[in-house]
Amino acid sequence: MPQSYSIELTSREKMELLDEHNLWRKQVGVAELKWASELERVAQDWAYKLSRQYGCKMIHSDNDFGENIFWANYNATAKIVVDYWAAEKFYYDYSTNSCRAGKSCGHYTQIVWRDTREVGCAKARCSNTEEIWVCNYRPAGNILNKRPY
């Protein structure tokens, strides 16, 4: 039987992804994001490509949008995905606008980037146990020497 790579996000998952992003944004006082179907399609195309051509490796696309990628070897929930990225908050120092040495915080800062207005996400299956999630953001955040909020 051929491998099925498609996993459509349910309406509930889309709402949960959006709600979770907006919960983190609310903590820092920035405007809520809106769901963008165009960004969802871009994310879906990239998630499929990662699953089919790249063995589920987390490789960023070269599009002009902001992008967060999540890999799991279990059935993740939308809340798990967004909260995993947002947990980088604890490595981010607003006063210096930098991450703790040796840590990443760009997923978190993209989620709360003040100028970002839209998000669209998707997921794809890589094997029976692996899946990859992609969220795209417009406009992109993480602009050098700018604070996220």
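A salt bridge is here a side-chain nitrogen of Lys or Arg within 4 Å of a carboxyl oxygen of Asp or Glu. The structure, a predicted model, holds seven of them, and the side chains of D83 and K79 meet in one (2.6 Å, N to O). In this model local features need pLDDT of at least 70, side-chain atom pairs count only at pLDDT 80 or more, and totals for chains, interfaces and linings use all residues. Residues are numbered from 1 along each chain as its sequence is written, and side-chain values use heavy atoms, with hydrogens and water left out.

- Helix α1 covers residues 11–27 and has 17 residues; helices (H or I, at least four residues) and strands (E, at least two) are DSSP runs, numbered from the N terminus.
- From first to last C-alpha, α1 reaches 25 Å, close to the 24 Å expected at 1.5 Å a residue, where the expected span is 1.5 Å times one less than the number of residues.
- Helix α2 (residues 37–53) also agrees with expectation, because its 17 residues should span 24 Å and its end C-alpha atoms are 24 Å apart.
- Just after α1, G29 takes a positive phi of about 75°.
- G55 follows α2 and has a positive phi near 60°.

**Buried residues**

- Buried means under 20% relative accessible area, exposed over 50%, and partly exposed in between (1.4 Å probe, protein chains only).
- In α1 the buried residues are E13, L17, L18, E20, H21, N22, W24 and R25.
- These buried residues of α1 pack against β2 (34–35), α3 (78–86), α4 (106–111), β6 (118–125) and β7 (131–138), contact being heavy atoms within 4.5 Å.
- Buried residues of α2 include L39, A43, W46, Y48 and L50.

- E40 forms a salt bridge with K14, the closest N and O atoms being 3.0 Å apart.
- The pair links distant parts of the chain, with E40 in helix α2 and K14 in helix α1, 26 residues apart.
- E40 is buried, at 12% relative accessible area, whereas K14 is partly exposed, at 22%.

- The side chains of E20 and K79 meet in a salt bridge (3.7 Å, N to O).
- E20 lies in helix α1 and K79 in helix α3, so this pair ties together parts 59 residues apart in sequence.
- E20 is buried, with a relative accessible area of 9%, while K79 is partly exposed, with 39%.
- D83 and K79 are separated by about one helical turn because they are four residues apart in helix α3.
- Salt bridges link E20, K79 and D83 in a network.
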